[in-house]
Amino acid sequence: MGSTPASRRDIFRTIATTSYHEWPAYDTTPLYDRSSLGALQEDIRTVAAVWFAHRAHNSVDELICGYPLQYVDFRPHDRYSGPATYEMRLLVRLFLLKEVHGWDHETALIEYLEHRPTVRRQFELATIPDQSTLWRTWHDRFSTELQETIQNGAQTILINADSEGVPVPREPPETIQDSEIHDDASLTDHAVLNQADEITEQLSHLVYPAFSLNRGDNCEIHTNAFWDLQTYLGLREDLAANEGARSFLYDSNRERTPLGHAHRSHIRDLSIDSIRKMYQAALKRLIDRVSETEVFHRAGLVAIDTTEAKPFTGDRTGHEDEILGTKDGEYAYQWATVQLVGKAVPLVLDARPIRKGESRRKIVEDLLDSVQDLVHVDRVLMDRAFDSQHILEGIDQRGLGYVVPKRMHTSERAQAKRLLRWDQDNYVTDRKLHLGRNEWHETTLIYRRRESAESADYTQYSVFMTNRHPGAVHHYNSRWGIESGYKSIKRFMAATTSKNFGLRFFYFAFACLLYSIWRAVDLLVQV
């Protein structure tokens, strides 16, 4: 399947009707005009993000051929003053093609075009430029800024195509080098304490200004002393407020520090809504800061998941709506988060507590409402607990993609058994999920045989659902880090036996902030 006039109309209709897409960039901000290369680079990013999400689009060459360059004024970037055989727009497309394929020499581009008459027709190329013409174009005709724009545009196309599972001619560049951020495996007491000063400093700049307590004026103990104490508790594993306050008194440089019971009392006065608003304000400050580095980008893949505190073994009377049953038959406080995953810094973008009776659909809508104000979301990953056609329809209505594993019912088990008999590893089929009142949600089912499966029956297969290109299912591997991330977050939580719902949530939310800053601290020191 390839691009068609209808599929291309779908792409630009999606861009035109989605609020966070601003295309063309020169027409949406006074910072750009038709000759601005910065605008062209933003536009390539916008179109590529939507282009490869369409099921009909599985070729990087087709995007380069079909990308609308008619509005771009290349004259300021053309160092030739006289007439030329080939116009700039055509040459820009040719060099985008060359960069996407990673060819070092013009000869490879010429040979590629000679053997592909379809590509030549799409480029409306009557004659192929010779090697000398192409060399002079790059080195003598194109400005340095245009060369960099072409190279960056090619990287953007590769990254977006690869993200959608579309075949790419070469591996796209990594957005963030593994050495530039911590991973959860390196979270040890020694490692955390070694960076305690740096983490505390970043918290004081980014988090403290967004947080406040319901206290009167002229208090003897500064509000930041409470946040210093909370940070102190989180950086030392399994430390409770009373014991931590006594240690903090000696370790802190402050003249006055809060006692443990006073600290807990002020935290208990905070409402859930106020904690979430403060958290979201702090995350915005953090994202604004790390986005100043070259390796951070706001657009990305997010995962929504839930986690729980240590099992609660006390008396739940009066707290049955807050201390919930778990799949292991125990009881615990539970929270939901949305987190950046994939090649991005794994920031916890938002967190919320879970009460009895709250639907997964409400939780997803709430978290996505919050996160879409912070970052540009491309796709949402969720586990099997969120296998609901109404949740998937809601995500699709936002213009977002999703990858979610599906529970196996009778029809899925039957199909998996057939695949096993046929010794077939993969299978893709479209499916309509009933929403009620003759309404349906259209999705794609992808059956995959697990390489490490120990069973010999149909349970070797997993079934995934997506509203994007079937290759997008490989993104699901990105969410495996969530579990180790939750383990690290709980390492940053202050210890408590309190049954106060707000206090429990504040401890978890502040731990998410500590974790996010710890994961990003090496980027923050670059700013």
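Which residue in strand 3 does A303 stand opposite? A303 stands opposite Q339.

## Model and confidence

This is a predicted model, in which local features need pLDDT of at least 70 and side-chain atom pairs count only at pLDDT 80 or more, while totals for chains, interfaces and linings use all residues. Residues are numbered from 1 along each chain as its sequence is written, and side-chain values use heavy atoms, with hydrogens and water left out.

The average pLDDT (the predictor's confidence in each residue, from 0 to 100) is 86 for the protein chain, and 90% of the residues score at least 70. Confidence is lowest in helix 9 (residues 189-194), with a mean of 63, and highest in strand 4 (residues 348-353), with 96. Over residues 175-181 pLDDT stays under 50; for these residues the model has 16 contacts beyond four places in sequence. Contact means heavy atoms within 4.5 Å.

## Overall composition

The protein chain has 19 helices and 9 strands. Helices (H or I, at least four residues) and strands (E, at least two) are DSSP runs, numbered from the N terminus. Along the principal axes, the C-alpha atoms of the protein chain fill a box of roughly 80 × 60 × 40 Å.

Of its 527 residues, 51% count as buried. Buried means under 20% relative accessible area, exposed over 50%, and partly exposed in between, with a 1.4 Å probe and protein chains only. Among contacts in the protein chain between residues at least 6 apart in sequence, 68% join residues at least 24 apart.

## Strand 3 and its partners

Strand 3 (residues 331-341) is mostly covered, with 10 of its 11 residues buried. Strand 3 pairs with strand 1 (residues 300-308) in the antiparallel sense over 8 bridges; two strands pair if DSSP finds at least two bridges between them. The A303 and Q339 positions stand opposite each other.

Strand 2 (residues 323-325) also pairs with strand 3 in the antiparallel sense, over 3 bridges, and I323 stands opposite Y333. These two strands form a hairpin with 5 residues between them, and G329 in the turn has a positive phi of about 85 degrees. Strand 3 and strand 4 run antiparallel and are joined by 5 bridges; A336 has R352 of strand 4 as its bridge partner. Strand 3 and strand 4 form a hairpin as well, with 6 residues between them and a positive phi of about 80 degrees at G342 in the turn.

## Helices 4 and 5

Helix 4 (residues 88-101) packs against helix 5 (residues 106-114) at an angle of about 105 degrees, and their axes are 10 Å apart. Helix 4 and helix 5 are therefore roughly perpendicular to each other. On the helix 4 side the contact is made by L94, L97, K98 and H101, and on the helix 5 side by E106, L109, Y112 and L113. Axes are lines fitted to C-alpha atoms, for helices over the stretch in contact, and angles run from 0 to 180 degrees between N-to-C directions. Angles under 35 degrees count as roughly parallel, over 145 as roughly antiparallel, 65 to 115 as roughly perpendicular and the rest as oblique.

M88 is found in helix 4 and counts as buried because its relative accessibility is 7%. Leaving aside neighbours within four places in sequence, M88 is in contact with F74, H77, D78, R141, F142 and L146.

## Annotated segment

An unreviewed UniProt entry lists residues 501-521 as "transmembrane region". In the model this span is 100% helix and 0% strand, and its end C-alpha atoms lie 30 Å apart. UniProt positions are given in the numbering used here, feature names are shortened, and annotations may be inferred rather than shown by experiment.
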